[in-house]
Amino acid sequence: MRTTDAKSGAELAIRSPAKIAWDRLRANRVAFYSGFVALFFVITAFAAPFITRVMGLNPTSQYSSRVAETGIPFGHFGGMSLGHPLGLEPGVGRDLMSLLLYGSRISFTVAIITSIFSIGIGMIVGIVSGYYGGKVDAVIGRISDFILSFPSVFMIVALVIPLTQRIETTHLARDNGARIIVLIIFFVIFGWPGFARLVRSQVLSMRERDFVMAAQSQGASGYRIIIKELLPNLWPTAIVFLSLSLPGFLAAEAVFSFLGVGVQAPASTWGLVLSDSVSYWQQDPAYLLIPSIMLVLVVLSLNLFGDGLRDALDPKSDRA
Amino acid sequence: MSDPVLKVQNYTVEFWVDGTWYPAAVDMNFEVEAGKVLAIVGESGSGKSTTAMGVMSLLAANARTSGSVKIKGTEVLGADNATLRKFRGKEVAYIFQEPMSALNPVYTIGFQIVETLRTHFDIGPTEARVRAIELIGMVEIPNPEGSFDKFPHQLSGGQRQRAMIAQSLACDPALLIADEPTTALDVTVQAEILDLMRGLKTRLNSAILLITHDMGVVADMADDILVMKDGNTVEHGTSDQIFNKPQHPYTKELLGAVPKLGSTKAREFPYNVSAKPAPVIKLENVTVEYPKRGRIPAFTAVKEFNLEIYPGEIVGLVGESGSGKTTVGRAAIGLIPIKEGSINIVGNDISKASQKELKGIRRHTGIVFQDPASSLNPRLPIGESIGEPIFLAGLAKGEELDRKVEDLLNSVELPRSYRNRYPHELSGGQRQRVGIARALALTPDLLIADEPTSALDVSVQARFLELLQDLQSKLNFACLFISHDLAVVDILSHRIAVMQNGRLVESGDRDAILKRPQDPYTQRLIAAVPIPNPAEQALRRAARLASK
């Protein structure tokens, strides 16, 4: 048995769990390329001002000369051309690519911030209630029950406007900025309990496993057990939840903008573009199709990448 | 001569995994006649269960079989599902290892037996109920009529196994396939179940195919034995041939690895018996109570327990499941709070210690758990698991820690490259070695070993016990070895303590307990252990039944 030690030094070198996961992720083609697609969307979103300036476009300019009197852009596929690669918005004739680029900035910001906060809060609360149990668990459990039993959509629609005004009076933000802050706050409030429950149930089952008791017997503190023993087992859940909640919040932002309580024109988000495009779907189907395809691409690539990342972090999947 | 009940010829099972066919059982040839028992023995992964499940085509979808399996002269291999269903349950019945998971928890056992009856016979519910109660009575479950309406969780482990046997016998099967039927049971219960199966075999003239890893059970039951290793038949012969004149080296090795009760030599105490040194651990009148939770009342798991362990000695703690031995082990190092009494570890009273003091005391103790799969964090490479206690104690960091981890891996005879592996990439025996390495990382004065070998194969167990003895004589720690297996305790311990229902029944020198047990419970426990020798086991069985 000892003879295997004589083998190359490579096997002997310590490979950290992170390195092993990275090697595995690279070996998973689908996940790796999905990651690139997702990254591409994020980068273009944040480079939106740069890209539009290079293209000589502006999200607020109205290229009315390129739109017919009926409001439908000239040319095929919603007026696609070199100057306007994704065509034009029917009606006033704004450039669709700039609209989507600037829109994705807001959509992604909302989705990323809400996901990170809901998962962060859910993780902490879930671990605390699962690990310490007892009264803490009971109190947290009732609070999350209370939140989960709320009619969240109704609440958001009803409260966004008064709360936006309240924020505006503090002069922290105005108009769309204030509305975005309110949306994020609501999404986080209604988002964390679901994840916290998931984490709590996992921690409950893990707490009974012998390896936690083994750590206790070695004199590990509660904090150390949470960080070293429990957290590595919870990351995969968090990542799967993230890959589901990111597109979920993207869609939610679109829905609320569509309902008129989210971001308002002249700013644009994917939700606003989609809601606008519904009224043109017969005359100008490309206007509906292009943002839809992009939304599907983002959601799909995030999901596939999340799956791959979870597999990469799972020591039980095959080694690269 | 009539056809044997089961005749298997050139039977091969292969599994399709990742683009290759892996053979699980190769070219098997055996037959079982009515009223006879064929035991298939082998270690885990040898293909014994696969062979048994394949007889009735109960294999996963990625399996393929070839050869011939005849039941009462009818070919069943490759038969269609309708034909197979007629055989399953009616001609061939299975008894599984874990009755709790093999019985449906939401139906009463009576209902489940009635269901089997009505699937195969054209009888009404009332008639089926009468027959079911008769069957429950036949397997000796007390109060058959009352038990008919009981759910699986309301029965004890032994009673559940009886209920499953009753269900299997519902249609008077010609062949009973028992896959590790007693592995999950205590020895005294195991003895009763084996008696029951033997009685039913003679009464109903069924053939039994017994799958087991326990050579004692084999000696007790089998007429013929087939030894398997890595999917191949190693040896096939009568019970007498295999036990007394084994031909194949693997059979000899397997028999040699089986611990035999009372076969070890007397052991010197590591200290002067007349002038004992200060004990490493002293438990005085320890009572442990699990507090009441909701409607579940408080439960006293350990009551007024006394035990001392001196430096360098191994004390075996034996008892059946639920006797409180694990609780004693965990309470001894402060993992479970005690209600009354005191526990003293190298001069420190841990029952009154603060969290901080407890942390200091824990440097003197280590624990190895029963289930190697659950005791290691699945997301940590084993090197990190082993290094954790050293890091926590602040003894070493960085490269020095790496070196210590390597030393520990060496000491438990694992290659150093295993440091990067995750627990699931190791076998059960290797994982248990990691468990030991971790427990010994701080060179403790006291090691608690809680059934460390009960999940291991006999040959792996034998090597593990050797390793533990080596380490113990080298490092000279005191050890509380908790086990349900008297033969294992016999090999290791200087002294033995016996527990029943949370109380210490008897304790003393190993030979005194095993050869001259005073308490009737200890006597029963020792009498129930099957000995891997057919002739001797027959005598023991007769003596046990006579004393009933």
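Start in chain B, where helix 11 passes helix 17 in a left-handed crossing. Keep in mind that this is a predicted model.

**Stop 1: the helix pair in chain B**

Select residues 249-257 of chain B for helix 11, and residues 458-475 of chain B for helix 17. Their axes lie 8 Å apart, and the packing angle is about 55°. That angle makes helix 11 of chain B oblique to helix 17 of chain B, because an angle between 35 and 65 degrees is neither roughly parallel nor roughly perpendicular.

Now show side chains. On helix 11 of chain B, pick B:Glu253, B:Leu254 and B:Ala257. They meet B:Val458, B:Ser459 and B:Ala462 of helix 17 of chain B. By class, this contact has 4 nonpolar residues, 1 polar and 1 charged.

**Stop 2: a helix of chain A**

Move to chain A and select residues 96-132, which form helix 5. Helix 5 of chain A has 37 residues. From first C-alpha to last it reaches 52 Å, close to the expected 54 Å. How many of its residues are buried? The count is 26 of 37, so helix 5 of chain A is mostly covered.

Step past its end to A:Gly133. This residue follows helix 5 of chain A and has a positive phi, near 60°.

**Stop 3: where the chains touch**

Colour by chain. Here 25 residues of chain A are in contact with 31 residues of chain B. On the chain A side, select helix 1 (9-12), helix 9 (210-217) and helix 10 (222-258), which each give two or more residues. Helix 9 of chain A gives the most, with 7 residues. The chain A side divides into 11 nonpolar, 6 polar and 8 charged residues.

Conventions:
Residues numbered from 1 in each chain as written. Chains lettered and ligands numbered in written order. Predicted model: local features only at pLDDT ≥ 70, side-chain atom pairs only at ≥ 80, totals over all residues. Axes fitted to C-alpha atoms, helices over the stretch in contact; angles between N-to-C directions. Helix = DSSP H or I, 4+ residues; strand = E, 2+ residues; numbered from the N terminus. Parallel < 35°, antiparallel > 145°, perpendicular 65-115°, else oblique. Left-handed = near helix turned anticlockwise from the far one by under 90°. Contact = placed C-beta atoms within 7 Å. Nonpolar A, V, L, I, M, F, W, Y, C, P; charged D, E, K, R; others polar. Expected span 1.5 Å × (residues − 1). Buried ≥ 20, exposed ≤ 12 C-beta atoms within 10 Å, placed from the backbone.
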